Amino acid sequence: MSEADTLDRLDAERARLFALIGRLLSAAPDAALLDGLSRLTGDASPLGRACGLLASAAQRATPDAIEREFFTLFIGVGRGEILPYASYYLTGFLHERPLAELRGTLAALGIRRAPGVPEPEDHIAFICEVYAGLIDGTTAGDPAEFFARHLKPWAGRLAADLEAAEGANFYRAVGALARTAIDIEAAAAALPN
């Protein structure tokens with residue numbers, strides 16, 4: 001396998017990882033996704049351990065329990081335990097400058113929020129999905145710049161908060177996976193070209 005093939009495969013796996021994180025943070029997984037997650041295998045690496053934790057959490061979970069957990073964490077009565085928005089993590093308020101800056105970036109990339117989607121664009125799930133598209137090339141743009149501007153400054157803190165959330169069981173493992181992925185991306189971005 002050539003170096004280019006290895007890099008292409010690595011980018012494809014990175015994109016799949018961020019797409020999965022986005023999917024898990026946009027809605028509770030259904031039984032089919034839980035079944036797939038329960039078959040993940042890990043190894044001794046940080047990412048391997050996070051995958052192993054997610055598999056174990058998926059094996060113990062039921063769709064109904066995760067649906068309730070998702071509601072408690074992200075929706076709640078009044079509000080959820082976790083507010084998964086860049087604006088909130090960067091300013092302490094919703095619908096602030098980070099959302100406006102992200103919208104500017106998305107407009108330059110030709111991306112718009114789908115009709116009927118109630119969440120603002122600075123929701124972590126949407127940002128992870130956009131990042132996955134930049135990594136795998138389905139969206140033209142610079143993934144490193146997008147990561148540096150729209151994920152690195154805050155997403156690790158959100159993931160750590162999710163790991164520590166009182167209402168988290170299954171989502172504690174999702175937080176560990178997201179934190180590990182963000183940490184790896186940040187470390188890779190710091191390497192010299």
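## Overall fold

Read along the sequence, the protein follows the pattern α-α-α-α-α-α-α-α-α-α, which amounts to ten helices and zero strands. Helices here are DSSP runs of H or I with at least four residues, strands are runs of E with at least two, and both are numbered from the N terminus. The model is predicted: local features need pLDDT of at least 70, side-chain atom pairs count only at pLDDT 80 or more, and totals for chains, interfaces and linings use all residues. Residues are numbered from 1 along each chain as its sequence is written, and side-chain values use heavy atoms, with hydrogens and water left out.

The C-alpha trace spans about 45 × 45 × 30 Å along its principal axes. Of the 193 residues, 42% are buried (under 20% relative accessible area; exposed is over 50%, partly exposed in between, with a 1.4 Å probe and protein chains only). Among contacts (heavy atoms within 4.5 Å) with a separation of 6 or more, 63% join residues 24 or more positions apart.

## Helices H2 and H3

Helix H2 (residues 31–38) packs on helix H3 (residues 46–60) at an angle of about 135°, with axes 7 Å apart. That makes H2 oblique to H3. Axes are lines fitted to C-alpha atoms, for helices over the stretch in contact, and angles run from 0 to 180 degrees between N-to-C directions. Angles under 35 degrees count as roughly parallel, over 145 as roughly antiparallel, 65 to 115 as roughly perpendicular and the rest as oblique.

Leu34, Leu37 and Ser38 of H2 make the contact with Leu54, Ala55, Ala58 and Gln59 of H3. These residues divide into five nonpolar, two polar and no charged (Ala, Val, Leu, Ile, Met, Phe, Trp, Tyr, Cys and Pro count as nonpolar, Asp, Glu, Lys and Arg as charged, the others, Gly among them, as polar).

## Helices H6 and H7

Helix H6 (residues 97–109) and helix H7 (residues 124–136) pack at about 35°, with their axes 13 Å apart. Leu102, Leu106 and Leu109 in H6 meet Phe126, Ile127, Val130 and Leu134 in H7. The contact comprises seven nonpolar, no polar and no charged residues.

## Histidine 95

Histidine 95 lies in the loop between helix H5 (86–91) and H6. Histidine 95 is exposed, with a relative accessible area of 55%. Leaving aside neighbours within four places in sequence, histidine 95 is in contact with Ser87 and Pro120.
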